[in-house]
Each structure stands twice: as C-alpha cells, then as structure tokens.
Amino acid sequence: MSIPKAIILSSDEMRRALTRIAHEIVERNRGAENLAIIGVHTRGIPLAERLAAKLSELEGVEVPQGRLDITLYRDDLSEVARQPIIRETQVPFDLAHRRVILVDDVLFTGRTVRSALDALIDLGRPEGIQLAVLIDRGHRELPIRADYVGKNLPTAKHEIVKVKLQETDGIDIVELYEMEYLR
C-alpha cells in the first residue's frame, strides 16, 4: 500500500469546502432558482449530489441533478483503454433556461472539462455553465478555469492528487502522492 506524501483535505475540511462552494453558488446566482447540478463520472457525481443537497438546504428549493459520462468525448480515448467503460449519462431535465453547475473532483489540464462541455452542449443549450471543483491543481493545457474551487493546490506534474469519497471509497479525504508510489 502506498503512503500519501500529504493529506490535503480531511473529511471536515472537505465538508467545509463544499459548504463554502454552495454559499458562493447561491450568492453568485442570487439563489438556486433555475440551477441544475451535473456531476462528471466518477467522483464528480457524489460531489454534485452533496452540493445539490446543500443548495436545497440553504434555499429551500429542489435543485435538479444529473450525471455526465464524457468517455466518448475524450481526446485521449485511444490512450485510456482498448475497451473503455461507457457509463450512463442521466440528465432528466431540459437544459434550456437553466444555469448548469458542472462538478468534478480535480481540475488539472482542463481536458476533462473540455470533454464535459462538449457532452453537455450535445444535450441542449443551457443559459450558462459554471464549473465547481474540489481541487484545482494547476498545469492547465487549455484556457479553462473553475468558477468555484474548494482548494487551490499548487502541485508538481509528477504528483498525483487522489480524492476519496465515502460513496466510492468508504472515506472522505484528499491525498497527495508521488507518482512513483502508485506504480
């Protein structure tokens, strides 16, 4: 088992970061009316669900949620796997006249977000799209930035940020690893 170089966010720090992001979303959008939250597979989905619950708690309105699979939109699909796993995209509401909050765990090069934007636009034309991420680690290759960030984390390219969530991993924690430890 590899040992993390550092603990970036504990469970409590993650909860506080998501609460702060929810408050920032409400403030920027003057409430939660006409918002929708869409999580990017895999860990963006539980983060999106948590944000939607916090927004509903803060504003007393149900915020529709969706999940987005970007596998077929990736520009590195041939490098990912010979038989990539395609997951289900579920957006059970019309995007028109909604501001969509796209949610992912880590923003790195920006390529995942570019793929997510392409996939989202294929589903409809929202009034606007905003990006919320738990961790922004820098090293952008595309001109993409997050509107809401849980934690900015300057990293070296050889480091790996691993977000673990209760829903997928049985624990809420964000850890930093050296690439050589994960081999």
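What percentage of the 183 residues of the protein chain counts as buried? The share is 44%, where buried means under 20% relative accessible area, exposed over 50% and partly exposed in between (1.4 Å probe, protein chains only).

Some ground rules before you click. This is a predicted model, in which local features need pLDDT of at least 70 and side-chain atom pairs count only at pLDDT 80 or more, while totals for chains, interfaces and linings use all residues. Residues are numbered from 1 along each chain as its sequence is written, and side-chain values use heavy atoms, with hydrogens and water left out.

**Stop 1: the whole chain.** Helices (H or I, at least four residues) and strands (E, at least two) are DSSP runs, numbered from the N terminus. Trace them from that end: β-α-β-α-β-α-β-α-β-β-β-α-β.

Switch to the C-alpha trace. Along its principal axes it spans about 45 × 40 × 30 Å. The radius of gyration is 16 Å, which agrees with the value near 16 Å for a compact globule of 183 residues. That radius is taken over C-alpha atoms, and the globule rule is 2.2 Å times the number of residues to the power 0.38.

**Stop 2: the surface.** The protein chain exposes about 9,900 Å², with 47% supplied by carbon and sulfur atoms. Areas come from the Shrake-Rupley method with a 1.4 Å probe.

**Stop 3: Asn-34.** Go to the loop between helix 1 (11-29) and strand 2. Asn-34 has a positive phi of about 60 degrees, though it is not a glycine. Most residues other than glycine have a negative phi, and most peptide bonds are trans. Asn-34 counts as partly exposed because its relative accessibility is 43%.

**Stop 4: His-41 and Thr-42.** Select the peptide bond from His-41 to Thr-42. It is cis, with omega near 5 degrees. Thr-42 sits in the loop between strand 2 (35-40) and helix 2 (44-59).

**Stop 5: His-97.** Move to the loop between helix 3 (77-80) and strand 4 (99-107), where His-97 lies. Its phi is positive too, near 65 degrees. His-97 is exposed, at 63% relative accessible area.
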